[in-house]
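Here are a few friendly notes to read alongside the coordinates.

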Amino acid sequence: MRVRSTLAATALLAVLVVAGGVVGLAALRGSLYGAAEASSAVQARLVRLSVSADVLDSGLEGPGSAQRSALEAAVGADDDRGSHVQVLDADGRVVARSAALAGLDAISGARPAVGELLQEEREVPALGGRWVVTVVGARVDDRDFRVVAAESTAEEDAALRQAALVLAVGAPLLLAAIAAATWTFTGRSLRPVEAIRRTVEGITSAGLDGRVPVPEGRDEVARLAVTMNEMLSRLESSQRSQRRFVADASHELRSPVATLRAAAEVWSADAGAPREFTELVRSEAGRVEALVADLLLLARADEGRLAREDADVDLDEVLEGEAARLRALGAVRVRARTVPVRVRGDHRQLSRLVRNLTDNAARHAAGTVELRTALEGGSALLEVADDGPGVPEAERERVFERFVRLDASRDRASGGTGLGLAIVAEIAAAHGGSVRALPRPGGGALVRLVLPLGAPADGTDAADPADGRGPGGVQPPSAASR
Ligand SMILES: Nc1ncnc2c1ncn2[C@@H]1O[C@H](COP(=O)(O)OP(=O)(O)OP(=O)(O)O)[C@@H](O)[C@H]1O
Ligand SMILES: [Mg+2]
C-alpha cells in the first residue's frame with residue numbers, strides 16, 4: 001500500500017509536471033517569437049516608407065541622393081544593428097541592405113502581393129542560425145518592390161533553452177521530494193496497522209491472550225484495533241470454555257470407564273460368562289480408557305497445565321527399556337545404539353513419548369526397528385526408525401496433528417486413534433524440544449526428537465540445585481514444537 005501510494009502520487013505528479021512543462025514552454029516560445037515577429041514586421045514596414053522610385057531605378061550602386069541617404073539610414077547600411085533588412089526590386093535585385101548583408105543576394109525568395117506581409121521562421125545559411133524573416137510587398141510610382149527584414153531568434157532560443165534546463169533539473173528533484181514525502185507520510189500513517197499485523201501474527205491458537213496496540217485517536221485504524229481486540233477476547237473466552245469442557249468431560253469419563261473395565265475383568269473371570277462378549281467389552285473399555293487419558297493429557301497441554309516433574313531423565317535407559325519390551329513381544333527385530341543422554345523433565349511423560357514412537361515403529365516395520373540416542377550440537381537426540389512404508393513427504397507435518405491417521409493404516413486391525421504423535425509433539429514442546437518425521441535412509445520412517453541437554457549423566461550433577469537445570473537446561477515450551 002505504501003509503495004502503491006508513493007507510485008501513484010509520483011506518477012500523477014510526473015504527468016502534471018510534464019504536461020505543465022510542455023504547455024508552459026510552448027506559451028513562452030509563442031510570446032518570445034511573437035515579440036521578434038512584431039519587431040521584424042515594424043522594421044520592414046518602416047523601411048518600405050523610405051523607398052523611392054529613383055532609388056529603385058538606379059540600383060545598389062546608384063548615385064548618392066537625398067532619398068538614397070534616407071533609405072540607407074533606414075536599413076542601417078553602415079552599422080550592424082542586429083536586425084537586417086534588404087530592399088529588392090521587382091526583379092529580385094538588391095537595391096539597399098544592412099551592413100551585415102553586404103554582398104549577399106536576396107535572403108528570401110517569397111513574393112507577397114503589394115500591401116501583403118509574409119512571415120516565416122527558418123534557418124538562413126548566409127547568416128547562420130534561425131531567423132524570423134518578414135517580407136513586405138509594396139509599390140511606389142508603379143514600381144513593385146519588396147522589403148525583407150530578418151530578426152535573429154538567438155536570444156529567444158537561449159531563453160527557451162534555459163527554461164527547459166530549469167524544468168529538466170527541477171522536475172526530477174520535485175518528483176523525488178514528493179515521493180519521499182509520500183513514502184514517509186504513508187509509512188507514518190500505516191505504522192499502527194503494521195504494529196497490529198505483527199501482533200496478530202504473533203497471536204497463535206496456543207495463546208489468544210495477546211491484544212493489538214490501539215493507536216491514539218478515533219480514526220479508522222483505532223476503531224479497527226478496538227474491534228479486533230473485542231474479537232480476540234471473544235475468541236479467547238470461547239476457546240477457554242471449549243478446552244475446559246474437553247478437560248472436564250475427559251476427567252468425568254475417567255472413573256466410569258475405569259469402573260466398566262474393572263467390571264468387565266471381574267466378569268470375564270467368571271467361568272459362566274460368554275467368553276467372546278466379555279473379551280470384547282474388556283478390550284473396548286480398555287481402548288476408551290486410553291482414549292480418555294489421551295484427551296485429558298491434550299486438554300491439559302492446551303491449557304498450559306501439562307503438569308511436569310522436573311527430574312533427571314536418562315533417555316538412553318528409557319529407550320533400552322522399550323527395546324527390551326519390543327524384543328520380548330518378538331514381532332520385530334530391534335537394533336538399539338545408545339549413548340548416555342540425560343535431560344531434565346518428566347520421566348512418565350518422556351516414557352510415554354518414547355512408547356508412542358516405538359509403538360508406531362513396531363506397527364509399521366517390515367521387520368526391523370532401530371533405536372538410537374546421541375549427543376549432537378549440545379542437544380539430546382533420540383531417533384526411532386523402522387523399515388516400513390515410511391511417512392509420505394506431504395504428510396510429515398500433518399501426522400503430528402490430532403486424530404490424523406493416514407489412509408493406509410486405517411484398515412489395520414490395530415486401530416489407533418491418531419493421537420499418538422500429537423501427544424509426542426506436545427510433550428516435546430513442553431520440554432523445550434522438537435520432533436520431526438523424516439525418511440529413513442534405505443526406506444522407512446525415522447522420527448527424530450531433539451531435547452535440550454540436562455546435567456551430564458556421569459554423576460557430576462553439580463549443577464546448582466537452586467537453578468536445578470544444569471547446562472542446556474529445559475527451556476519454556478515453545479509453540480514451534482514441530
Ligand atoms: N513409523 C511410521 N511409519 C509409517 N507411518 C507412520 C509411522 N508413525 C506414524 N505413522 C502414520 O502417522 C499416523 C499418525 O500416527 P499416530 O501415532 O499419531 O496415530 P496412530 O498410531 O494411528 O494412533 P495412536 O498412536 O493414537 O494409537 C498413523 O496413523 C500412521 O499413518
Ligand atoms: Mg501411534
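Which polar side-chain atom lies 2.7 Å from an oxygen atom of ligand 1? It belongs to Asn 360. Before the details, please keep in mind that this is a predicted model, in which local features need pLDDT of at least 70, side-chain atom pairs count only at pLDDT 80 or more, and totals for chains, interfaces and linings use all residues. Residues are numbered from 1 along each chain as its sequence is written, chains are lettered from A and ligands numbered from 1 in the order in which they are written, and side-chain values use heavy atoms, with hydrogens and water left out.

1. Ligand contacts. Leu 421 takes part through its backbone, with a polar atom 2.8 Å from a ligand oxygen (a polar contact is a pair of N or O atoms within 3.5 Å). The protein covers 92% of the 590 Å² of accessible area that ligand 1 has on its own (Shrake-Rupley method, 1.4 Å probe).

2. The shell. There are 18 residues around ligand 1, and those that come nearest are Asn 360, Asp 386, Gly 418, Leu 419 and Leu 421 (near means a heavy atom within 4 Å). H8 and H10 are the elements that give two or more residues to this shell (helices are DSSP runs of H or I with at least four residues, strands are E runs of at least two, numbered from the N terminus). H8 gives the most, with three residues.

3. Helix H10. Nine of the eleven residues of H10 (residues 420-430) are buried, so this helix is largely enclosed by the rest of the structure (buried is under 20% relative accessible area, exposed over 50%, partly exposed in between, with a 1.4 Å probe and protein chains only). Among the buried ones are Leu 421, Ile 423 and Val 424. Their cover includes H6, helix H8 (347-364), strand S11 (434-439) and strand S12 (445-452) (contact means heavy atoms within 4.5 Å). Just after H10, Gly 432 has a positive phi of about 75 degrees.

4. Aromatic pair. The structure holds one: Trp 267 and Phe 277, edge-to-face, 5.6 Å centre to centre with 90 degrees between the planes (centres within 6.5 Å, using the six-membered ring of Trp; planes under 30 degrees apart are stacked, over 60 edge-to-face, the rest tilted). Trp 267 lies in H5 (residues 220-269) and Phe 277 in H6 (residues 275-302), so the pair ties together parts ten residues apart in sequence.

Definitions and conventions
A polar contact is a pair of N or O atoms within 3.5 Å; within protein, one must be able to donate a hydrogen and the other to accept it, and residues adjacent in sequence count only if both atoms are side-chain atoms.
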